[in-house]
Amino acid sequence: MLNFIYYPVSGILWVWHKVFGFIFGDGSFGGAASWALAVVFLVFTLRVILFKPFVAQVKSMRKMAEFQPEIKKLQKKYANDKQKQAQEMQKLQKEHGVNPLGSCLPMVLQIPVFIGLNHVLRSFNRTGLTYEQNIKIPNYWIPTEDVHSFLQARLFGAPLSSYIAMADNELNAFVPHVGRLDVIIVSIPLMIVASIATHLTARHNVARQTAAVTANPQTGMMNKLTLYLFPLGVLAFGAFLQIGLLFYWLSNNAWTLGQQYLVYHRIDRDEAEAKAKKVEQRNNLAPKPGQKPMQQVRKPVKPGDAADATDAAEKAAEPADAKPMDKKPADKSSESGANGSSAPANGSAVNGSGDTPTKAPGLAPTQARRKQSRKRR
C-alpha cells in the first residue's frame with residue numbers, strides 16, 4: 001500500500017550501506033557501523049532535499065512575528081465571528097506573502113520517511129518467519145545478500161532492528177541469539193542523547209521567538225510541549241523504538257540544531273547588512289557636521305523683466321470683452337480762472353500744493369498704474 005514510500009527509503013538506505021560498507025567492511029561490527037551510518041545519512045539526504053523549504057519556513061515565521069499585532073487586532077475585532085476572522089487572517093497573510101502551510105512542509109514530509117524506515121527495519125526480521133526464510137526474501141530495494149548482512153550485524157551485541165520492549169519470540173528469532181540486556185545497554189544511551197538533542201533543538205527555536213509571539217497563550221503552551229513533553233516522550237517511548245529509529249531521531253535533531261544555527265545566523269547577518277546599508281544611505285544624504293544646509297539660490301529679477309511680468313499678469317486679469325480706452329492727449333493750454341489758477345482740460349482739480357494729480361489725465365486706470373509703477377522704478 002505504501003510501497004511508494006518503502007522503495008525510496010530502502011533504496012537510499014542500501015546505497016549508503018554500500019558506500020560505508022566499502023570503508024568499514026561487512027563483518028559483524030563493520031556491518032553494524034555501515035548500516036547505522038546509512039540510517040544517519042538517509043536523514044541527511046532528506047534534510048538536504050528539504051533545506052529550501054526549511055529556509056522558507058524560517059522566513060515565514062519571522063514575517064508572521066512582524067505583523068503579530070495586526071493578528072491580535074483581527075482576533076479582538078472578530079472575536080464573535082470566527083469565519084470572518086479566518087477570512088481576514090487569510091487576507092492578511094496573503095498581503096504579507098506568508099503561507100502557513102508552507103511552514104509545515106518540512107515536518108510533514110519527514111513523517112512518511114519515519115514510517116517508511118520503521119517498516120523497512122522491521123521487514124529485515126519478519127515476524128512468523130525463521131532466520132533462514134528471512135535471508136532469502138529481499139527487503140524492497142535491498143537484495144537478499146544485504147538482508148543477510150543486516151541480520152548478522154551487531155552494534156555492541158544488539159541488532160539495529162531490535163528494541164527494548166521486543167517480544168521474546170522475536171528476540172529469539174535472531175541468529176545468533178540476542179539478549180535483552182544487550183539491547184538495553186545500546187538503547188538507553190541513545191534514548192538519553194536523543195532526548196537531550198530534542199530539548200536543545202526546541203530551546204534554540206524558542207529563544208528565537210519575539211516577545212509578541214511568546215505572549216500568545218497558544219504559543220506558550222506549544223513551547224512547553226516541545227521543551228519538556230517531547231523530550232520526555234523520547235525517553236518514555238524509546239523502549240518501543242528500534243535502535244535504527246533512535247539513530248534516525250538523534251541524527252535528525254542534531255541536523256536540525258545545526259541547520260537552525262546556520263540559517264538564523266545567515267538571516268540575521270543579511271538583515272544587519274540591509275539595515276547598515278540604509279543607515280549609510282541616510283548618512284550620505286544628511287549634511288556633514290559643521291556644514292551649513294544648502295539653500296536654493298534664486299536668480300535676481302531685472303526691473304524690466306519684472307515690469308513685463310506685471311504687464312502680462314494684468315493683461316491676463318482684464319476681461320476678454322473689455323475695450324481699450326482711447327488715449328486723448330491732454331490740452332497744453334487751459335482757460336484761466338478768476339484767481340489766475342489754471343484748471344486741467346478734463347475738469348479735474350489741482351490740489352492746493354501744486355502737486356501732480358494722482359490720476360494721470362487722459363489715461364485709463366490700468367495704464368495709469370503702469371505709468372506710476374515705472375516712475376517709482
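Colleague: Hi! Let's start with Thr-201. Which helix is Thr-201 found in?
Modeller: Hello! Thr-201 is part of helix α10, which covers residues 180-207. Keep in mind that we are looking at a predicted model.

Colleague: Good to know. Is Thr-201 buried or exposed?
Modeller: Thr-201 is buried, because its relative accessible area is 7%, and buried means under 20%.

Colleague: And which backbone oxygen does the side chain reach at 2.8 Å?
Modeller: That one belongs to Ala-197. The side chain of Thr-201 also reaches the backbone oxygen of Asn-253, at 3.3 Å.

Colleague: What else does Thr-201 touch, leaving out residues up to four places away in sequence?
Modeller: Asn-253 comes up again there, together with Thr-256, Leu-257 and Gln-260.

Colleague: New topic: how many salt bridges does a search of the whole structure find?
Modeller: The search finds two. In one of them, Asp-146 pairs with Lys-18, and their closest N and O atoms are 3.3 Å apart. This pair links distant parts of the chain, with Asp-146 in helix α8 (residues 144-152) and Lys-18 in helix α1 (residues 3-24), 128 residues apart.

Colleague: Why would two side chains pair up like that?
Modeller: Side chains of opposite charge can pair when their charged atoms come close.

Colleague: Nice. Is Asp-146 buried or exposed?
Modeller: Asp-146 counts as buried, because its relative accessibility is 3%.

Colleague: Which residue forms a salt bridge with Arg-180?
Modeller: Arg-180 pairs with Asp-168, and the closest N and O atoms there are 2.5 Å apart. Arg-180 sits in helix α10 and Asp-168 in helix α9 (residues 168-172), 12 residues apart.

Colleague: Let's look at the surface. Which residues form the nonpolar patch?
Modeller: The patch is formed by Ile-188, Ile-192, Ile-196, Leu-200, Leu-232 and Leu-235. Together these residues have about 500 Å² of accessible area.

Colleague: Which helices each supply at least two residues of the nonpolar patch?
Modeller: Those are α10 and α12, the latter being residues 217-237. Helix α10 gives the most, with four residues.

Colleague: Can we pick out a couple of the patch members? Where is Leu-235 found?
Modeller: Leu-235 is in helix α12. Leu-235 is partly exposed, with a relative accessible area of 37%. Ile-188 has its place in helix α10 and counts as partly exposed too, at 36% relative accessibility.

Colleague: Last topic, confidence. What is the mean pLDDT of the protein?
Modeller: The mean is 75, and 68% of the residues reach 70 or more.

Colleague: And where does pLDDT stay under 50?
Modeller: That happens over residues 320-360. For this stretch the model has 20 contacts beyond four places in sequence.

Colleague: Thanks, that was a friendly tour!

Note on methods
Residues numbered from 1 in each chain as written. Predicted model: local features only at pLDDT ≥ 70, side-chain atom pairs only at ≥ 80, totals over all residues. Heavy atoms only, no water. Buried < 20%, exposed > 50% of the residue type's maximum accessible area, 1.4 Å probe, protein only. Polar contact = N/O pair within 3.5 Å; in protein donor to acceptor, adjacent residues only side chain to side chain. Contact = heavy atoms within 4.5 Å. Salt bridge = Lys/Arg side-chain N within 4 Å of Asp/Glu carboxyl O. pLDDT = per-residue confidence, 0-100. Patch = residues over 30% accessible without salt bridge, like charges linked within 9 Å, V, L, I, M, F, W, Y side chains within 5 Å. Areas by Shrake-Rupley, 256 points an atom, 1.4 Å probe, with all protein chains shown as cover.
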